[in-house]
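Keep the sequence and the model in view.

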Amino acid sequence: MSEEEKLLKEAKKLAWEDRLLHKNWKVRNEANIDLASLCNSISDPKDSRLREFAPLFRKTVVDSNAPVQEKALDALIAFLRAADADAGRYAKEVCDAIVAKCLTGRPKTVEKAQAAFMLWLELEAVEVFLVSDFMVFGDDFYSRMPTVGKSCASTTLYIKYFIYVLEEDAMEKAIKNKVAKAVVPAIDVMFQALSEFGAKVVPPKRILKMLPELFDHQDQNVRASSKGLTLELCRWIGKDPVKSILFEKMRDTMKKELEAELVNVTGTAKPSRKIRSEQDKEPEPEGVSEVVGSGPSEEVAAEAPQEIDEYDLIDPVDILGPLEKSGFWDGVKATKWSERKEAVAELTKLASTRRIAPGDFSEVCRTLKKLITDVNIAVAVEAIQAIGNLARGLRTHFSGSSRFLLPVLLEKLKEKKPTLTEALAQTLQAMHKAGCLNLADIVEGKFCHSC
């Protein structure tokens with residue numbers, strides 16, 4: 001027996017971590033092969049050995065030896081196929097390691113890294129896991145996950161968390177890589193995730209936030225991949241929201257290219273892959289899938305892009321800070337009507353943003369309530385228009401303020417001045433459409449004010 005054979009034989013007696021991190025690359029290589037084989041043989045996701053393996057991958061996937069690194073990814077893929085959502089606690093550190101060391105590797109390495117990302121995405125939470133404060137629904141809502149010993153809130157909660165880990169951290173780091181060679185595979189992962197799992201699992205908002213930076217990338221392959229991802233996004237959420245949010249951030253050249261290709265985008269996107277919790281459920285009747293794939297029909301229309309409110313795709317903008325610095329509070333107290341109007345116009349302009357960050361608008365609304373009855377009609381009209389913009393931008397966050405202002409707005413309708421009536425009608429419609437008011441509020445507002 002050769003010295004090498006003796007080394008490999010003796011190494012098999014070592015603990016997994018010692019084998020996988022051994023100074024001899026052949027020992028590490030064989031350890032990864034054995035680990036993959038073992039994971040492939042495990043049929044119970046609760047097998048205690050899986051919990052032992054989970055922490056090791058953040059170290060193994062960054063192996064400096066390319067062939068060993070590939071074997072480490074093979075082992076990770078086998079592990080993810082065998083594991084359950086309990087492995088999710090290691091998602092962030094492993095994904096970060098893959099982004100750092102695998103996306104610039106050999107084609108096979110990149111391919112396996114992408115497969116690992118997709119399997120992370122497929123996993124769901126069914127066991128206890130511990131995590132500090134994080135973004136649960138992608139933007140404004142924060143929550144603390146259950147501590148050890150309590151059950152997880154829901155599968156959906158975990159999937160949202162994993163997308164945050166994958167796309168806010170790992171994917172964002174990947175697209176900011178100075179090496180274009182690493183950026184394209186990251187875009188491909190997002191494309192594949194969206195294409196296979198759909199917009200209900202992969203948050204379109206995260207992708208929309210990343211795309212503008214990619215449109216201006218100096219590498220043409222990155223720009224081409226970004227265009228493909230944008231077109232895929234249109235298949236899932238529709239063309240109009242994507243165009244509305246992204247086109248103003250694109251160069252004219254890419255805008256024209258996309259416009260030309262959007263003609264061929266159809267609204268029949270449907271997930272081809274399910275998250276782990278959905279895989280054991282009854283499959284759809286064969287007839288449904290046949291109809292979807294058979295061509296134009298009434299049933300196909302039911303598979304149109306997921307209805308997503310454009311409002312949910314936009315980042316909220318703080319306007320209270322800029323308003324404080326604008327001279328608004330001094331301006332609304334000015335004796336000259338033109339200065340009062342100018343101050344309110346600044347608020348109208350700030351509130352014209354499509355989504356306003358929630359905050360304490362109580363003092364703003366008390367001021368607007370007084371200005372609605374301003375002796376100068378131009379000031380009153382401007383105040384009414386500002387209210388309409390606040391309702392559109394804040395939506396249900398403006399409900400309390402809307403009910404507070406409603407009686408005065410309804411009273412103003414009695415004046416029957418064309419410019420005033422038009423502004424009032426538009427603002428009341430905006431408040432209703434934004435979900436700030438319902439018919440009962442309006443009836444109650446009229447009744448209370450007439451008492």
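In which helix does Thr 427 lie? Thr 427 is in helix 24, residues 418–433. Helices (H or I, at least four residues) and strands (E, at least two) are DSSP runs, numbered from the N terminus. The model is predicted: local features need pLDDT of at least 70, side-chain atom pairs count only at pLDDT 80 or more, and totals for chains, interfaces and linings use all residues. Residues are numbered from 1 along each chain as its sequence is written, and side-chain values use heavy atoms, with hydrogens and water left out.

Is Thr 427 buried or exposed? Thr 427 is buried, at a relative accessible area of 2%. Buried means under 20% relative accessible area, exposed means over 50%, and partly exposed is in between (1.4 Å probe, protein chains only). Leave aside neighbours within four places in sequence, and Thr 427 is in contact with Ile 384, Gln 385, Ile 387, Gly 388 and Leu 409. Contact means heavy atoms within 4.5 Å.

Follow one of those partners. Leu 409 sits in helix 23, residues 399–412. Its relative accessibility is 0%, so Leu 409 counts as buried. Beyond neighbours within four places in sequence, Leu 409 is in contact with Ile 372, Ile 384, Ile 387, Leu 424, Thr 427, Leu 428 and Met 431. Lys 369 is 40 residues from Leu 409 in sequence, yet their C-alpha atoms are 8.6 Å apart.

Now take helix 23 as a whole. Its 14 residues reach 20 Å from first C-alpha to last, close to the 20 Å expected at 1.5 Å a residue. The expected span is 1.5 Å times one less than the number of residues. Helix 23 has a kink of about 40 degrees at Leu 405, shortly before the proline Pro 407. The bend at a residue is the angle between axes fitted to the seven residues ending there and the seven starting there. The buried residues of helix 23 are Ser 399, Ser 401, Ser 402, Leu 405, Leu 406, Val 408, Leu 409, Leu 410 and Lys 412.

Next, the loops. Arg 395 lies in the loop between helix 22 (377–394) and helix 23. Arg 395 is partly exposed, with a relative accessible area of 27%. Lys 416 lies in the loop between helix 23 and helix 24. Lys 416 is exposed, at 66% relative accessible area. Arg 395 has a positive phi of about 55 degrees although it is not a glycine. Lys 416, also not a glycine, has a positive phi of about 55 degrees. Cys 436 is in the loop between helix 24 and helix 25 (439–450). Cys 436 is buried, with a relative accessible area of 2%. Cys 436 and Leu 394 are 42 residues apart in sequence and 8.9 Å apart in space, C-alpha to C-alpha.

Turn to helix 14, residues 252–262. Its buried residues are Met 254, Leu 258 and Leu 262. Seen down the helix axis, they fall within an arc of 70 degrees, so they line one face of helix 14. The arc is that of the directions from the helix axis to the C-beta atoms. An α-helix has 3.6 residues a turn, so residues three or four places apart point the same way. On the other side of helix 14, Asp 252, Thr 253, Lys 256 and Ala 260 are exposed. The buried residues pack against helix 11 (204–215), helix 12 (220–237) and helix 13 (239–246).

Helix 6 (residues 66–82) is mostly covered: 12 of its 17 residues are buried. Its cover includes helix 3 (25–41), helix 7 (91–101) and helix 8 (107–122). Phe 79 is one of the buried residues of helix 6.

What lies inside? The largest nonpolar core has 85 residues, and Phe 53, Leu 76, Phe 79, Ile 98, Trp 120 and Ile 237 touch the most other members. A nonpolar core is a set of buried Ala, Val, Leu, Ile, Met, Phe, Trp, Tyr and Cys residues joined through side-chain atoms within 4.5 Å. Helix 10 (residues 180–197) supplies the largest share of this core, 11 residues. Apart from this core lies another, of 41 residues, among them Ala 343, Leu 347, Ile 384 and Ala 423.

Finally, the whole chain. The secondary structure comes to 25 helices and 2 strands. Of the 451 residues, 48% count as buried.
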